[in-house]
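Thanks for coming, everyone. Let me put the model up and walk you through its charged side chains.

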Amino acid sequence: MGQLCCGTRKQPKNLPGEALKPPSVHETIYIAIMGSTGSGKTTFINLASGSNLRVGSGLESCTNEVQTSLPFNVGGQQVVLIDTPGFDDTTLTDTDVLRIIAAYLVTTNKQGARLAGVIYMHRISDSKVGGAAQRDFRMFQELCGEEAYPNVLIVTNMWGLVSSEEDGLAREQELATKQIFFKPILDKQAKMLRHDATQKSAHSIIQNLVDKHPVVLQIQRELGEGMDITQTAAYIQLDKEMSELMARHQKDLDVLRNEMAEAERRQDEETRIELQEEAGKVEAELQRVQNQASRLGSEYQAELRRIEEMLNVQEE
């Protein structure tokens with residue numbers, strides 16, 4: 001069995017020390033790269049591996065499927081990095097992201113690929129950790145599970161965009177010590193490291209994982225045991241997030257309907273039409289969120305088949 005991969009990659013010239021032939025899946029160290037959209041996942045992978053995966057602009061996502069790097073050498077080990085979309089993706093719903101990541105990790109695990117660990121990228125340049133980033137990290141925790149935390153690295157990057165060293169240190173300290181950020185997993189043997197945007201730094205970070213005993217993530221274990229995807233810890237967390245979102249949409253819709261009734265009472269047709277258009281948008285978003293859960297099970301099975309077919313073709 002050759003190297004497992006998915007997505008489109010441009011083949012560069014071999015890096016110094018890089019193997020001339022693809023290593024066996026059993027000889028390769030696989031590391032998943034996760035994090036919010038725009039956190040620098042793909043840039044980190046390209047820098048570390050010499051690959052040329054597509055990189056998004058700003059906070060716009062370019063990773064709408066799982067991609068893998070070219071194999072490269074770190075500490076005498078062949079490494080492949082796995083690029084994943086974030087749960088705040090600009091082109092995919094959160095259920096799409098869960099479906100794509102879960103199907104890929106389960107399929108490759110069945111085919112013998114073993115994860116040495118997971119790197120979670122975070123922009124230290126963000127002065128505040130917004131709601132979307134916090135939601136993404138909560139989903140990350142449920143995908144991994146506590147047993148995998150010793151094989152998790154939190155990597156802060158974009159230090160060059162921080163206004164001062166003091167600001168960066170203060171943000172780093174807050175992330176490491178507050179329960180709503182990274183403290184829960186750091187307390188359970190995960191590590192937090194800095195990336196300085198050089199290949200040497202990227203390889204030094206990866207070196208922390210290459211000698212680790214392989215880990216099976218919670219989502220891999222749950223689905224590998226035959227659990228329905230809607231029963232997994234990751235989906236339960238996602239369902240909670242979606243229920244809260246639907247409640248907010250419903251509240252907004254109720255307010256708009258009351259305002260429409262008031263505009264109609266005043267015979268203010270212009271305002272009523274504007275409110276009706278806005279209510280239509282909110283209703284459409286509410287319906288979209290409601291439909292996500294109902295489609296997940298069947299779409300997950302279809303994604304499994306798609307990835308299995310893709311990997312089988314690549315082996316031939």
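Start at helix α9. Here R272 and E269 sit three residues apart, so about one helical turn separates them. Keep in mind that this is a predicted model. The two side chains meet in a salt bridge, 2.7 Å from N to O. Which partner is buried? R272 is, because its relative accessibility is 17%, and the cut-off for buried is under 20%. E269 is partly exposed, at 43%.

Next, a pair that reaches further along the chain. E299 forms a salt bridge with R99, with the closest N and O atoms 3.7 Å apart. E299 is in helix α9 and R99 is in helix α2, so this pair links distant parts of the chain, 200 residues apart. R99 is buried at 12%. E299 is partly exposed at 25%. Both belong to a network of salt bridges, together with D96, E303 and R306.

D94 meets R135 in a salt bridge, 3.3 Å from N to O. R135 lies in helix α3, and the two are 41 residues apart. D94 counts as buried at 16%, while R135 is partly exposed at 23%. How many salt bridges are there in the whole structure? A search finds 17.

Now the surface. D252, D254, E270, E274, E277 and E278 form a negative patch. Helices α8 and α9 each supply at least two of its residues. α9 gives the most, with four. D252 lies in α8 and is partly exposed, at 41%.

Last stop, helix α6. It has 12 residues, 199-210, and reaches 16 Å, close to the expected span. Its buried residues include H203, I205 and L209.

Note on methods:
Residues numbered from 1 in each chain as written. Predicted model: local features only at pLDDT ≥ 70, side-chain atom pairs only at ≥ 80, totals over all residues. Heavy atoms only, no water. Expected span 1.5 Å × (residues − 1). Buried < 20%, exposed > 50% of the residue type's maximum accessible area, 1.4 Å probe, protein only. Patch = residues over 30% accessible without salt bridge, like charges linked within 9 Å, V, L, I, M, F, W, Y side chains within 5 Å. Areas by Shrake-Rupley, 256 points an atom, 1.4 Å probe, with all protein chains shown as cover. Salt bridge = Lys/Arg side-chain N within 4 Å of Asp/Glu carboxyl O. Lys, Arg positive; Asp, Glu negative; His and termini not counted. Charge placed at Lys NZ, Arg CZ, Asp CG, Glu CD.
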